[in-house]
Amino acid sequence: GRHVADRPRHDEVRDVVPVQDPVADLVGDGEAPAPRPAQPLGGVDADLALAAEHAVNSAFIDAGQRCASGSRIVVFRQVYDAFKQLLVKRAESLKIGSGPADDCGPVISRASRDRILGAISAAVKRGARVLTGGTAVAGLGSGYYIAPTVLDDVPLEDELSQDELFG
């Protein structure tokens, strides 16, 4: 809480959660100090191509099979369409395979692949849209590959938004 927000090297916390916002009470002790001037962490002035590159790298390194995988992205409305196009383009550029020059490898098992594809299919039936990917990829040797997948229109209350897919 306060001990984190007060430390000089954590000024970026003030840009992620404004200290006068009710959310600050959830992460602090309710007595957060007045905000100090700080540079925003992106927003509508962000380098969208760089943001899309980092988002894709976070989502698809290790085929998304890590706890720190970036599986959800929050984007300002003003830049949403431009960011979405860059994100899809970057995801489609990933090289799928298990070699050292590849970007996205296989998931751990056939059961994992089937579970992930089932979750994508179920989300689509509930209204989500596949912008790219969403299918198994064959012909890459041994392993269970899924094309890097970007979904849109996934409601916040949807199972896919609420549960960690891990893949």
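Val56 touches Leu87, Arg90, Ala91 and Leu94, leaving out residues up to four places away in sequence, where contact means heavy atoms within 4.5 Å. This is a predicted model, in which local features need pLDDT of at least 70 and side-chain atom pairs count only at pLDDT 80 or more, while totals for chains, interfaces and linings use all residues. Residues are numbered from 1 along each chain as its sequence is written, and side-chain values use heavy atoms, with hydrogens and water left out.

**The nonpolar core**

- Val56, Phe60, Phe83 and Leu87 have the most contacts inside the largest nonpolar core, which has 19 residues; such a core is a set of buried Ala, Val, Leu, Ile, Met, Phe, Trp, Tyr and Cys residues joined through side-chain atoms within 4.5 Å.
- Two or more residues of this core come from each of α4 (48-60), α5 and α6 (110-125), where helices are DSSP runs (H or I, at least four residues) and strands are runs of E (at least two), numbered from the N terminus.
- The helix that gives the most to this core is α4, with 6 residues.

- Leu86 lies in helix α5, which covers residues 80-93, and because its relative accessibility is 30%, Leu86 counts as partly exposed (buried means under 20% relative accessible area, exposed over 50%, and partly exposed in between, with a 1.4 Å probe and protein chains only).
- Leu86 touches Leu48, Ala49 and Ala52, not counting residues up to four places away in sequence, and the C-alpha atoms of Leu86 and Val56 are 9.9 Å apart, although 30 residues separate the two in sequence.
- Lys84 also has its place in helix α5, and apart from neighbours within four places in sequence, Lys84 is in contact with Arg129, Leu131 and Asp152.

- The 16 residues of α6 should span 22 Å at 1.5 Å a residue, and the end C-alpha atoms of α6 are 22 Å apart, which agrees; the expected span is 1.5 Å times one less than the number of residues.
- The buried residues of α6 are Ser112, Arg113, Ile116, Ala119, Ile120 and Ala123. They cover an arc of only 130° around the axis, so they lie on the same side of α6, the arc being that of the directions from the helix axis to the C-beta atoms.
- The face of α6 turned away from this buried side carries the exposed residues Ala111 and Lys125.
- The elements covering the buried residues of α6 include β1 (129-132), β4 (150-152) and α7 (159-162).
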